[in-house]
Amino acid sequence: MSNQPILFKNARLIDPGSDREVRGGVLVRDGIIQDLGPQLKEAADTQVIDCGGQVLAPGLIDMRAFIGEPGGPYRETLKSAGEAAAAGGVTTVVSMPDTSPALDDPAVIDFIVRRARDTSMVNIRPAAALTKGLQGAEMAEIGRLKEAGAIAFTDGARPVTNAQVMRRALTYARDFDALIIHHVEDPDLVGQGVMNEGEFASRLGLPGIPREAETVMLERDIRLVRLTGGRYHAAMISCADSAEIVRTAKARGLPVTCGVSINHLALNENDIGDYRTFLKLSPPLRHEDDRQAMIEALADGTIDVIVSDHNPQDVENKRLPFAEAADGAVGLETLLSAALRLVHSDRISLPRLLRALSTKPAEILGLPGGRLAVGAPADLIVFDPDAPYVLDKRQLKSLSKNTPFDEARLEGQVTITMVAGRVVFQRETM
Amino acid sequence: MTDAPRSVFPHRHLLGIEGLSPLDIQALLDLADEQVEVSRQVEKRKTTLRGRTQINLFFEASTRTQSSFEIAGKRLGADVMNMQVGSSSVKKGETLIDTAVTLNAMRPDIIVVRHHAAGAVHLLAQKVDCSVVNAGDGAHEHPTQALLDALTIRRNKGRIEGLTVAICGDILHSRVARSNMILLAAMGARVRLVAPSTLIPPGIARLGFETFTSMEKGLRDADIVMMLRLQRERMNGSFVPSVKEYFRFYGLDQEKLNFAKPDALVMHPGPMNRGVEISSDVADGEQSLIREQVEMGVAVRMAVLEALASHLPNR
């Protein structure tokens, strides 16, 4: 961290938490925001960055990314994920425990924390396994893992099917004020399914996944939250009924939050088109009506956060018949651009969108970021929300290129990413 | 010479602490104090139960409790018979009743029963003519343990009323905890329960017990720290993630004991899991009453048997 103060000037300052938007600048010193507003003066020893009227906002906090370290460094390392995140304006990444070995041991969490500190240019906060070996049978050492630096507890892409295990985990986690994040998909109802159940799947001759695979599990979880009082976050919902379930739970005052992946906001099942495996996801892309319901639920606050669900897969796992291909898409670098589509189509305001990408995740995770305020960490992004570009997957910094947005026209791109007062990414065109 | 049985105790059985009045409890403790003196003499033999037959019927193995009852009975002059019943051979209520009826025909005076099922001792008591002492039924009650704990506390602190007692560990599965909670509350102690939420019986807070999930908070200003045994099969991710994690957050070591009052005393019903719920230095340390509890066990059981003597059949 350089000790020289940095002044961002001539920016549109957006503090998503307070819905405030003002013209002005931000002064950063010692890794935190020291001052901000319209009246900042340039001091002699200050490095000045002219934002040229672009937006300056808190860095994005992505609550769901799969990283291949340890165990799959060819897919993604902490270093490459950090580079991808920085290029996408993501300053904090919550990494999933689905690694090899799984992140179910305090020593492994400690390793990730240190390794990330040494190699990654953004903050990486590991989520630890909720159950040992992600097997869904025995709860992991929630207390010790939290002490080692685990930010939340989840079995990543795997659901915990045993309701008793989930009940006890929610009960136990409450004592440690630990957050449980759950992938809500009943594997028995998913069965052999590979895409959304319905007309389109039938046309493609692919086995479908009913929405009930999600809603049944989500309903069960909500009942257990009501029983236990544990803090619960549904990792991603994908259909209209799920939004309704969460809405009702929140109205009852339950400690429930939920996320949606950027893919389910930007795409629907028709985008699978001619068996495009990069759009094979879990949960699957749904009907356009569901996508619309996700956008509405995001706008009305039912959905708290947007995640990239960044899931790097190499070509060997994707260049396969659709049903045999691995689930997942990379998303760290396109998260903001794809999300801005909702702003450009007037579905949601920019501050509201940024809230779901920074302020809300920070609140849920108990992190100090996600705010543009004096004393907040200087995890910042500068972006031009209107800059048009066509995505070329070869330009992605991620080691895996399985993006569903290849050759898509996008608007809005990060120009500067700062983490803890240090500029970690600067686009050359600026 | 026969020691005259004193008619201080208005119950035919001792099935639980529930149902005993503070006066009943106090009378038993006073009687037990006298038995401590008897047990410390060279001549330990009394004649209160001379000619009487005491059957120790243990459906669950327990060296400690069974030998304590055996010694207590023998010191009072009773003929004591130990019946080991493998818990595998008796599985159904019907068999339990058959066993009770068969034993009853042998005209015993006292049956001391331990059973793995809550309520089994009550069921048996309904089918026999003699007095029945509950030596532990499932996760329900273990009244003589609570009485010996109370005696130990009273002898060391001079009172029970007004003391803050923290009962820590596997409350959910513990009959010791239940009996102690009822007794201590009845005698005017302030009872706290300290455990991870997975080991706290649901709804217990509504019964008026303060619950804590942190040892630091639960032990603050406690006079007595009562630890409970955690069964091995409950430490592997079902109720508690691991032994390591349990000891880190709920195991009583000197550091956690320091949250309690400086003169706080430590108890454990045994058998202990050293390094799981209690560290060796605390278990063997100056604040530990654990060995004294065992001595008080014999005295309390003598007191209970003697108190029941006036109600025995076969007059």
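Me: How many residues of chain A are in contact with how many residues of chain B?
Reply: This is a predicted model, in which local features need pLDDT of at least 70, side-chain atom pairs count only at pLDDT 80 or more, and totals for chains, interfaces and linings use all residues; side-chain values use heavy atoms, with hydrogens and water left out. Residues are numbered from 1 along each chain as its sequence is written, while chains are lettered from A and ligands numbered from 1 in the order in which they are written. Contact means heavy atoms within 4.5 Å. On that criterion, the numbers in contact are 16 residues of chain A and 18 residues of chain B.

Me: What area do chain A and chain B bury between them?
Reply: Buried area is the accessible area (1.4 Å probe) that two parts lose on being put together, summed over both. Carbon and sulfur atoms carry 52% of it here. The total for chain A and chain B is about 1400 Å².

Me: Which residue of chain B meets A:Glu147 in a salt bridge?
Reply: A salt bridge requires a side-chain nitrogen of Lys or Arg within 4 Å of a carboxyl oxygen of Asp or Glu. The count between the two chains is one. At 2.1 Å, N to O, the partner of A:Glu147 is B:Arg248.

Me: Which helix gives the most to the side of chain A that touches chain B?
Reply: Helices are DSSP runs (H or I, at least four residues) and strands likewise (E, at least two), numbered from the N terminus. Helix H3 (142-148) and helix H4 (163-175) of chain A each supply at least two residues of this side. With six residues, the one that gives the most is H4(A).

Me: Why does A:Gly24 count as buried?
Reply: A:Gly24 lies in strand S2 (residues 20-29) of chain A. Its contacts, apart from neighbours within four places in sequence, include A:Phe8, A:Leu13 and A:Pro38. Buried means under 20% relative accessible area, exposed over 50%, and partly exposed in between (1.4 Å probe, protein chains only). A:Gly24 counts as buried because its relative accessibility is 11%.

Me: What is the radius of gyration of chain B?
Reply: The C-alpha trace of chain B spans about 55 × 40 × 35 Å along its principal axes, and 58% of its 315 residues are buried. The radius of gyration is taken over C-alpha atoms, and the globule rule is 2.2 Å times the number of residues to the power 0.38. For 315 residues, a compact globule would have a value near 20 Å. Chain B agrees with this, at 19 Å.
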